[in-house]
Amino acid sequence: MFYNTVKLHRKRTCVAREIWHSETTYLEGLMVMLQVRFSLFFISTNHFTNHHYLLLPPSYLILIQLFKKPLQQKAASEATLILTTVQIECLFSNIEQLIDASKRLVKELQDVILKWTPSTRVGHIFINNVR
């Protein structure tokens, strides 16, 4: 009986940590999408000049290299923009809302996991975050 209780506790702990890890990874992906949105906006509007590079952190520079050069090359060969500003906005229109919701969820999960006991539950976190 005791062995089964310990085994169940370990399993629940692993599941809760995996949920937290998955949500953290999702949040990181959303943050990258926000950076891509920023980069694509400047690329599509041609407002991005060389002096802007000095103001950006390295992660932005990598994204610009990954997206700007291919988009510019394609646009040059087809004499058209790949994505208009409106199309970029449509693709990323609610990214800030998703990031805010994801940050709340990750923080609440982290708070619970840091105080984890055999009787801790996480379901209420998801129920409370439904709007």
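Good morning. The accessible surface of the protein comes to about 9,400 Å², and 65% of that area belongs to carbon and sulfur atoms; these areas come from the Shrake-Rupley method with a 1.4 Å probe, and for residues only the protein chains shown count as cover. What we have is a predicted model, in which local features need pLDDT of at least 70, side-chain atom pairs count only at pLDDT 80 or more, and totals for chains, interfaces and linings use all residues. Residues are numbered from 1 along each chain as its sequence is written, and side-chain values use heavy atoms, with hydrogens and water left out.

Let me begin with confidence. The protein averages a pLDDT (the predictor's confidence in each residue, from 0 to 100) of 76, and 56% of the residues score at least 70. Where pLDDT is low, the predicted coordinates should not be read in detail.

As to the overall architecture, the protein has five helices and zero strands; helices are DSSP runs of H or I with at least four residues, strands are runs of E with at least two, and both are numbered from the N terminus. Of the 131 residues, 28% count as buried, meaning under 20% relative accessible area, with exposed over 50% and partly exposed in between (1.4 Å probe, protein chains only). Contacts are heavy atoms within 4.5 Å. Of those with a separation of 6 or more, 71% are between residues 24 or more positions apart.

I turn now to helix 4. This helix, residues 95-114, has 20 residues and reaches 28 Å from its first C-alpha to its last, close to the expected 28 Å, the expected span being 1.5 Å times one less than the number of residues. Its buried residues are Ile95, Ile99, Ser102, Leu105, Val106, Leu109, Val112 and Ile113. They cover an arc of only 160° around the axis, so they lie on the same side of helix 4; the arc is that of the directions from the helix axis to the C-beta atoms. On the other side, Gln97 and Leu114 are exposed.

Finally, where does asparagine 129 lie? Asparagine 129 is in the segment after helix 5 (123-128), and is buried, with a relative accessible area of 19%. Its side chain forms a polar contact of 3.3 Å with the side chain of glutamate 108. Here a polar contact is a pair of N or O atoms within 3.5 Å; within protein, one must be able to donate a hydrogen and the other to accept it, and residues adjacent in sequence count only if both atoms are side-chain atoms. A polar atom of the asparagine 129 side chain also lies 2.7 Å from the backbone oxygen of isoleucine 125. Not counting residues up to four places away in sequence, asparagine 129 touches Arg104, Leu105 and Glu108.
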